Amino acid sequence: MKIQISSDLHLKPCSFEIPDTDADAIVLAGDIHKSTRAIDWIRKQTERPVIYVAGNHEFYGNIFPDLMMI
C-alpha cells in the first residue's frame, strides 16, 4: 500500500492542490486548515481514502466537541 502524507499546510483558500500520485490513501497529518474546512477542500480534490488527524491549528477559536464529526 502506498500512502501520501501531507501536514502543516496552513491553507488559505485555493492555496494548495494535492499532488496527483499513485498513492492508495492520503494522510492529512494536522495543521491543514482551521476548523473543519479541510474536509470540504480534500473532498473536492480526490476520491481516495483519507485519514485526517487534527493538529492544534484545526482547533484555533473552537471548542473540541464542536469539531467532532460522526
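**A walk through the sheet and two aspartates**

β2 (25–29) and β3 (50–53) run parallel to one another, paired over four bridges. Strands here are DSSP runs of E with at least two residues, numbered from the N terminus, and two of them pair if DSSP finds at least two bridges between them. Within this pairing, Val27 has Ile51 of β3 as its bridge partner. Before going on, note that this is a predicted model, in which local features need pLDDT of at least 70 and side-chain atom pairs count only at pLDDT 80 or more, while totals for chains, interfaces and linings use all residues. Residues are numbered from 1 along each chain as its sequence is written, and side-chain values use heavy atoms, leaving out hydrogens and water.

Now step back to the whole sheet. Three strands make an open, parallel sheet in the order β1-β2-β3. β1 and β3 are the edge strands, each pairing on one side only.

Next, follow the chain out of β2. Asp31 sits in the loop between β2 and α1 (37–45). With 11% relative accessibility, Asp31 counts as buried (under 20% relative accessible area; exposed is over 50%, partly exposed in between, with a 1.4 Å probe and protein chains only). Leaving aside residues up to four places away in sequence, Asp31 touches Asp8, Leu9, His10, Gly55, Asn56, His57 and Glu58, where contact means heavy atoms within 4.5 Å.

Finally, look at Asp22, whose side chain forms a salt bridge with that of Lys2 (2.6 Å, N to O); the term requires a side-chain nitrogen of Lys or Arg within 4 Å of a carboxyl oxygen of Asp or Glu. Asp22 lies in the loop between β1 (3–6) and β2, and Lys2 in the segment before β1, so the pair ties together parts 20 residues apart in sequence.
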